[in-house]
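Welcome, and please take a moment to look over the structure below. The briefing that follows walks through it topic by topic.

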Amino acid sequence: MAEIIIENVSKTFATADGTVEALKNVNLSIEKGDIFGIIGMSGAGKSTLVRCINLLERPSSGKVKIKDRELTAMSSKELRNSRKKIGMIFQQFNLFSARTVYENIAFPLRKSKLTKAQKKEKVESLLKLVELENKADVYPSQLSGGQKQRVAIARALASDPEILLSDESTSALDPKTTKAILNLLKKINKELGITIVVITHEMQVIKDICDRVAVMKDGEVVESGKVFDIFANPKHEVTKEIVNNTTNLSNIYELIHSDNFQLKPGQVIVKSSYVERDVSEALVSQISRMYGLDVNIIFGNIEMIGGNPIGGLVSIIQGEPEQIEQALSYLREKKVGVEVILDGRAS
Ligand SMILES: Nc1ncnc2c1ncn2[C@@H]1O[C@H](COP(=O)(O)OP(=O)(O)OP(=O)(O)O)[C@@H](O)[C@H]1O
Ligand SMILES: [Mg+2]
């Protein structure tokens, strides 16, 4: 069953310069236990959408449901209770600077029915989860960005949420710290079964931890689905742009149009794309062995998403023309996308 359902949600802001349609009829369904990514350029409406999930921002129209309960129809008391089950973390951490790490994490527990000893136990277990046991008594200003985000995560988990919303939570961090925080989110998702919604403008974040993704542009969700499928076969312009920005394969077009580039007779430039799941064989060495070809890889970009290779190679292949043709058919049979970019066989 879907845990979060966003139904025909629109959001309009009135500004001095007129109205801004930040969300236009957005529909999304997020499954329990998923890590769901929302990606898009600046101003696409990502933050507005995620703020509509916990009603920090009230939609102008449409419904938001969590597990069949409609948040948009609740009284403020019901809403307060439901919100406790939704944690949120931000790019700027939003910690209380005058409180210690321990006090920050304990803050959501101040009105809970737990005894003092139970609260202490809870905060200590959260400190352990985010690996900050030795920082309990320091103030946020004494922490690195990554450590601050760990505190914010622990604080968000203190009220035992079922959903964690993350708005660009790694955007202020360096790549190594980003990886560590993403791994922590993954661990929280796996071990605590919390559904996580990740807002980002970085494709790498989506690739690293998300199961599914929605791509936004100008207040609309332009496509959504499993991460592998969306990035293997991007349909919308924006998605294509995001995917292309992260590979170097299109450099081949610049190269072949440059003045000093010349293809030798008999050579073929081929772009092969790994767009189906389960391509795991050593296809380059196979075709060179089976068809007696020289395969020279000039650009390559292959990575794993959900255990499947995705990306592609640009290679110059040299050999007997018919052998090359057979090799290309073989690759196609093996579910590799094959595109001949330049063919020197007739020359
Ligand atoms: N409180 C507000 N008042 C007026 N306009 C707003 C308000 N909040 C957001 N907007 C507008 O709504 C649109 C979507 O903004 P939003 O912050 O959701 O984008 P975003 O995808 O999160 O962008 P970024 O990647 O830069 O964070 C923008 O045009 C923005 O200017
Ligand atoms: Mg934003």
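**A first tour of the model**

This is a predicted model: local features need pLDDT of at least 70, side-chain atom pairs count only at pLDDT 80 or more, and totals for chains, interfaces and linings use all residues. Residues are numbered from 1 along each chain as its sequence is written, while chains are lettered from A and ligands numbered from 1 in the order in which they are written.

**The whole protein**

- The protein has 12 helices and 14 strands; helices (H or I, at least four residues) and strands (E, at least two) are DSSP runs, numbered from the N terminus.
- Its C-alpha trace spans about 80 × 50 × 40 Å along the principal axes.
- Of its 347 residues, 34% count as buried, where buried means 20 or more other C-beta atoms within 10 Å of the residue's own, exposed means 12 or fewer, and partly exposed lies in between, with C-beta atoms placed from the backbone.
- Among contacts with a separation of 6 or more, 67% join residues 24 or more positions apart; a contact means that the C-beta atoms, placed from the backbone, lie within 7 Å.

**An open sheet and its helix**

- An open sheet is built from 4 strands in the order S2-S1-S4-S5, with antiparallel pairing; two strands pair if DSSP finds at least two bridges between them.
- At the edges are strand S2 (18-31) and strand S5 (69-70), each pairing on one side only.
- S1 and S4 run antiparallel and are joined by 5 bridges, and Glu7 has Lys63 in S4 as its bridge partner.
- Strand S4 (residues 61-66) pairs with S5 over 2 bridges, again in the antiparallel sense.
- Ile66 has Arg69 of S5 as its bridge partner, and Lys65 stands opposite Glu70 in S5.
- The hairpin of S4 and S5 has 2 residues between the strands, and Lys67 in this hairpin takes a positive phi near 50 degrees.
- Helix H1 (residues 46-53) lies across strand S1 (2-15), S2 and S4, at about 60 degrees to S2; axes are lines fitted to C-alpha atoms, for helices over the stretch in contact, and angles run from 0 to 180 degrees between N-to-C directions.

**Around ligand 1**

- Ligand 1 is surrounded by 13 residues, the closest being Phe13, Ala22, Ser42, Ser47 and Thr48; a residue is near a molecule if its C-beta atom, placed from the backbone, lies within 6 Å of it.
- S1, S2 and H1 are the elements that give two or more residues to this shell, and H1 gives the most, with 3 residues.
- The shell divides into 4 nonpolar, 8 polar and 1 charged, with Ala, Val, Leu, Ile, Met, Phe, Trp, Tyr, Cys and Pro counted as nonpolar, Asp, Glu, Lys and Arg as charged, and the others, Gly among them, as polar.

**Two domains**

- The domain assignment gives domain 1 (2-243) and domain 2 (251-343); such bounds come from an automatic or database domain assignment.
- The centres of the two domains, taken over C-alpha atoms, are separated by 40 Å.
- Where they meet, 6 residues of domain 1 are in contact with 7 residues of domain 2.
- Helix H8 (residues 227-232) supplies the largest share of the domain 1 side, 4 residues.

**A closer look at His236**

- His236 sits in the loop between H8 and helix H9 (237-244).
- His236 counts as partly exposed because it has 15 C-beta neighbours inside 10 Å.
- Beyond its neighbours within four places in sequence, His236 is in contact with Val215, Val222 and Glu223.
- Val222 is 14 residues from His236 in sequence, with 6.8 Å between their C-alpha atoms.

Definitions and conventions: Two residues are in contact if their C-beta atoms, placed from the backbone, lie within 7 Å.
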